[in-house]
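Subject: A structure for you to look at

Hello,

Here is the structure I promised to pass on to you. Have a look at it first, and then read my notes below with the model open beside them.

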Amino acid sequence: MSVLTARKPRLRRAAFQEVRWQAAQQGFVLSRARRLVGAVYTLTSLDGDTVLLYDLGEVRAFLNYPS
């Protein structure tokens with residue numbers, strides 16, 4: 001196993017934790033459901049509204065979009 005292959009899951013986990021913290025600071029709960037070809041992310045506000053997103057880039061864009 002190469003060094004890059006061994007570190008990749010750790011980097012993805014760190015990126016997820018970073019975005020999850022950013023979401024929490026804005027009043028959202030971020031969760032991830034792993035699928036065969038990737039993951040589905042759900043972003044739920046404290047009011048109960050839920051948004052489905054398909055990658056962390058979409059989650060970041062949603063959180064950074066001015067309300």
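**How the strands pair**

Let us begin with strand β1 (residues 28-35) and strand β2 (residues 38-45): the two run antiparallel and are joined by eight bridges. Please keep in mind as you read that this is a predicted model. To get from β1 to β2, the chain passes through a hairpin of two residues.

You can follow this pairing residue by residue. F28 has S45 in β2 as its bridge partner. Another pair to find is R32, which sits in strand β1 and stands opposite Y41 in β2.

Now move on to the next pairing. Strand β3 (residues 50-53) runs antiparallel to β2, and four bridges join the two. Here Y41 turns up again, this time opposite L53 in β3. T42, in turn, stands opposite L52 in β3. The hairpin formed by β2 and β3 has four residues between the strands. Look for G48 in that turn, where phi is positive, at about 105°.

**The whole protein**

How many helices and strands are there in the protein? There are two helices and three strands, and along the sequence they follow the pattern α-β-β-β-α. The protein has 67 residues, of which 24% count as buried.

**Arginines to look at**

Which residues gather in a patch of positive charge on the surface? They are R10, R12, R13 and R34. Helix α1 (residues 3-25) gives the most to this positive patch, contributing three residues.

Is R13 buried, exposed or partly exposed? Its relative accessible area is 46%, so R13 counts as partly exposed.

One last thing to find: how far apart are R32 and R20 in sequence and in space? They are twelve residues apart in sequence, and 9.9 Å separates them in space, C-alpha to C-alpha.

Best wishes

Methods
Residues numbered from 1 in each chain as written. Predicted model: local features only at pLDDT ≥ 70, side-chain atom pairs only at ≥ 80, totals over all residues. Heavy atoms only, no water. Patch = residues over 30% accessible without salt bridge, like charges linked within 9 Å, V, L, I, M, F, W, Y side chains within 5 Å. Areas by Shrake-Rupley, 256 points an atom, 1.4 Å probe, with all protein chains shown as cover. Salt bridge = Lys/Arg side-chain N within 4 Å of Asp/Glu carboxyl O. Lys, Arg positive; Asp, Glu negative; His and termini not counted. Charge placed at Lys NZ, Arg CZ, Asp CG, Glu CD. Buried < 20%, exposed > 50% of the residue type's maximum accessible area, 1.4 Å probe, protein only. Pairing = 2+ DSSP bridges.
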